[in-house]
Structure formats: structure tokens, C-alpha cells
Amino acid sequence: MDVTAVTALFADLTQVELVTWVERGWVIPDAAESGFEFHAIDVARVRLIHDLRRDMDLGEDAIPLVLSLLDQVYDLRGQLKAVLRAVEAQPADVRSAILAVMGRGG
Amino acid sequence: MKDPYEILGVQKTDSDAAIRSAYRKLAKRHHPDVNPGKPEAAETFKEISAAYELLGDKDKRARYDRGEIDAAGNEVPPQRPFYRDFSDSAGREKYRSDSVFNQEDLESIFARAFGGGAGNGTGGGRQFSMRGQDAHYQLTLDFLDAVNGSTRRIAMPDGRTLDVRIPPGVHDGQVIRLRGQGMPGIGDGAPGDALVEVAVAPHPLFHREGDDIIIELPVTLQEAVLGATLEVPTIKGPVRLTIPPNSGRGTRLRLRGRGIEGRGHQFVELHPVLPPADEPELAEFLKTWKPRHPVDPRAGMETT
């Protein structure tokens, strides 16, 4: 998807504004011959920024902060899932020992 | 679910009035009561009614046309993908915040989560520590080893051996905890404990009541009537025991201090045994014998 196709998804998003978002690093589409190539994840991120700017009326200054925090949350969730998979791979007595220790509160 | 427009045989551009008249026509034709011979009419009629319930309502028809509800009137989930739907996708790599989570952070978080130092989770290369696992073993003991105590060597899965001191009087099912003999700890964590569950095999002669040892001792008729001094097994070896005269079945004699070390006694229950074959002299004597102390051994057994 190029810039034109992406902006066509929105009633109120200009190509200039979308390119600004890319320039600021909020969205990172692939570079293509004729400009940018937006993948599904990039389009979803554009929608997210659009929601933040329009529906939630967040200021431009706040966007990088929010995006950074969201990315950290997703990273943490990914790490946590990795840990849970590691715990699940343990024998039952190890799992229950871990749960018992976590239940006591660190 | 079929398209309600199709069911009613109308176009999306048709007016509400046109839809209503199409519905009336179909309802008359397919009403179950005018089609007693067509069992499928009820199903068709239900379809028509449902279609008209949607299209006959201005608001619902508009929402259906916009794709907000489906033909059954249910909300259609929004089709747009949200960013979170991609949170696990490989493509998110480029949006990863590189400062969020290095190895050191991970270790310090775990050190805190597992109680390795409350309030000291500032990172700085803290090593992750966790107490070692407890190791569970089972040990079957002879009765005499259990009551007298002993030492047993058990082999652990990692090749080490472990000398288990069995305290005197250990009972069946008891768990002996050997502190620090379990799996090694991680980091600064203490090793776990070894937990040895003891099973005690029964003994053909002895059995236990608490700290006391009970043994049944067969005696002859003469020994029971006349008294005797006999050798009796105890858990520490045979001792001599004096049987007083007139000791009947069920007499319990105590051997003080011969039970569990320092705590119990041994009790000897006498079981007089009749001679194994005919004893005509004894029988002759008993025919004429008049006891000086007559007794009814079945007193108290009446069931009234």
C-alpha cells in the first residue's frame, strides 16, 4: 500500500500529514521505488495514531511518548509470554514451586 | 444466513412500502396454517418473518445496509485490524523499543519476583538467586530398624549418596527432613531439603501401639496354670520373663522399658495352647473336677 492508498482509508487524513508521521518515525513503512510501502502492521499503526490524534485529541507532543509506552508494553508482554512458556515447560513440581513463591509476593 | 432482501425478493433500492407489500404477499402464501400439508412452510415463514423484522424497521434496515449488523440482527465486529493484533507478529521488530528490556533487567526483575532481596531491585548486575528444589525419597525399613533406629544410605539421582539417620521409633508414613540435602540452589540460593518418606514393614512377632511393643506369647497349659520363667523375644533381643501361676488367655505382662527407646514398654499377651492330641488322663481328671472358683466365661454375652 502506498501513501495514497493509506490516506484513502480515512476521511480526514492528508498525504502531507501521513508523510510527516513517517518522517517523525511514528510509522516505519518500507522504502519502495515510488515512495513508501505500508504493510498491514504499518496501516494498523497509522489507524492507532489517527485514533490518538482525532478521537482522543492527543497533542502531537504526546504521540511519541504514548507510542513508546505502548511498544514497551507489547515488548513486556512478549517477554512475559516467553517466561510463561519456559515455566510451562517445567515439571509439575517446579511449576507449583514457582507459583508458590510468586504467590508470596516478591 | 441468507440475505433478507433475497428472501423477500426485493431490491436494496425498493421503498419501505414495496418491502411491506412483498412481505405480506409471501406471508399469506407461506403461512403454516394455510399450508397444512407442507411441513417446510413453517421454516419458510420463519425466514420471511425474520427478514421483514430487519427490513421493515427503518433503523435496522439502515444499519444492515451499512454493514453494522448481520442478517440475524447481530452486531458485526468492526473489521479494522487494531495495532495490538500485530503485537506478536514478526513485523513488529522495527517498533521494538531497544532500551526496554536487557538481560540485566530481566535478572533483577526475577530476583525481586522470587524474593531474592526485597526492595533492592535496581539492577546493576544482581545475580538471580533461588532456593533449590526439595528432593523426595522413599525408604522402606524393617520393623526392627524403625523401632530401634538405624542409618541407611540412599543413592541420589545425581550420583551422590546420602546417609539417612533413622531416629528410634520412626513410624510408617513419617517424613524425615534432611536440611540442605536437596537440589542445589541457584545463585546465592540455599539448597533445598531432602524429604525421606519412611514405610515400615510389618513384623511377624511384634507390633506397635504408640511407643509400646506388643507380642503374643503362646504358653502351654501347665505354664499358664503353674507359672514359669520363659525366654521372650524383645526388640533388643531375648529376655527372661516370669509367668505367675494362673495366667489365663489375655493376661498382659509388662516388660518395663523394653519398648521404643526411652519411651515405651513391651507388653506380652499370653495365649495358652491346648495339647495337640488326646490326653486321656487330663480328660478323666476334668470329668470329676469341681472348680473351687466356678466361672461363667460367657457372662455378659446375653443378647436379650
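**A walk through a predicted two-chain model**

Let's start with one residue: B:His171 is partly exposed, because 13 other C-beta atoms lie within 10 Å. The terms work like this: a residue is buried if 20 or more other C-beta atoms lie within 10 Å of its own, exposed if 12 or fewer, and partly exposed in between, with C-beta atoms placed from the backbone. B:His171 sits in the loop between strand 3 (161-166) and strand 4 (175-178) of chain B. Helices (H or I, at least four residues) and strands (E, at least two) are DSSP runs, numbered from the N terminus. B:His171 and B:Ala146 are 25 residues apart in sequence, yet 7.0 Å apart in space, C-alpha to C-alpha.

Some ground rules. This is a predicted model: local features need pLDDT of at least 70, side-chain atom pairs count only at pLDDT 80 or more, and totals for chains, interfaces and linings use all residues. Residues are numbered from 1 along each chain as its sequence is written, while chains are lettered from A and ligands numbered from 1 in the order in which they are written.

Now confidence. The predictor gives the complex an ipTM of 0.72 and a pTM of 0.42. Chain B averages a pLDDT of 82, and 87% of its residues score at least 70. That score is the predictor's confidence in each residue, from 0 to 100. Over residues 116-126 of chain B the pLDDT is below 50. Beyond near neighbours in sequence, that stretch has 15 contacts in the model. A contact means two C-beta atoms, placed from the backbone, within 7 Å.

On to chain A. How many helices and strands does chain A have? Five helices and two strands. From the N terminus on, the order is α-α-β-β-α-α-α. Chain A has 106 residues, and buried ones make up 18% of them. Take the contacts in chain A with a separation of 6 or more: residues 24 or more positions apart account for 40% of those.

Next, the cores. A nonpolar core is a set of buried Ala, Val, Leu, Ile, Met, Phe, Trp, Tyr and Cys residues joined through C-beta atoms within 7 Å. The largest one has 17 residues. Those with the most contacts inside it are A:Val6, A:Leu18, A:Ala44, A:Val46 and A:Ile49. Helix 1 (3-8), helix 2 (15-23) and helix 3 of chain A each supply at least two residues of this core. Helix 3 of chain A gives the largest share, six residues. Look at A:Val6. Leaving aside neighbours within four places in sequence, A:Val6 is in contact with A:Met1, A:Leu18, A:Phe38, A:Val43 and A:Val46. Apart from this core lies another, of 13 residues, among them B:Tyr5, B:Leu8, B:Ala22 and B:Tyr52. As background, nonpolar side chains tend to be buried together in soluble globular proteins.

B:Tyr52 brings us to helix 3 of chain B. In that helix, B:Ile48, B:Ala51, B:Tyr52, B:Leu54 and B:Leu55 are buried. Seen down the axis, the buried residues of helix 3 of chain B fall within an arc of 160°, so they line one face. The arc is that of the directions from the helix axis to the C-beta atoms. The face turned away carries the exposed residues B:Glu43 and B:Lys46. What covers the buried side? Helix 1 (4-8), helix 2 (16-30) and helix 4 (58-65) of chain B are included in that cover.

Now strands in chain B. Strands pair if DSSP finds at least two bridges between them. Strand 7 (residues 212-220) and strand 11 of chain B run parallel, joined by eight bridges. B:Pro218 has B:His271 in strand 11 as its bridge partner. Strand 10 and strand 11 of chain B pair in the antiparallel sense, over four bridges. There, B:Leu255 stands opposite B:Gln266.

Between strand 10 and strand 11 (266-273) of chain B is a loop, and B:Gly264 lies in it. Is B:Gly264 buried or exposed? Buried, because 20 other C-beta atoms lie within 10 Å. Leaving aside neighbours within four places in sequence, its contacts are B:Gly210, B:Asp211, B:Asp212, B:Ile213 and B:Gly259.

Last, two loop residues. A:Asp57 has a phi near 55°, a positive value in a residue other than glycine. A:Asp57 lies between helix 3 (40-55) and helix 4 (62-88) of chain A. A:Asp57 counts as exposed, because it has 7 C-beta neighbours inside 10 Å. B:Asn246 has a phi near 60°, again positive in a residue other than glycine. B:Asn246 counts as exposed too, with 11 C-beta neighbours inside 10 Å.
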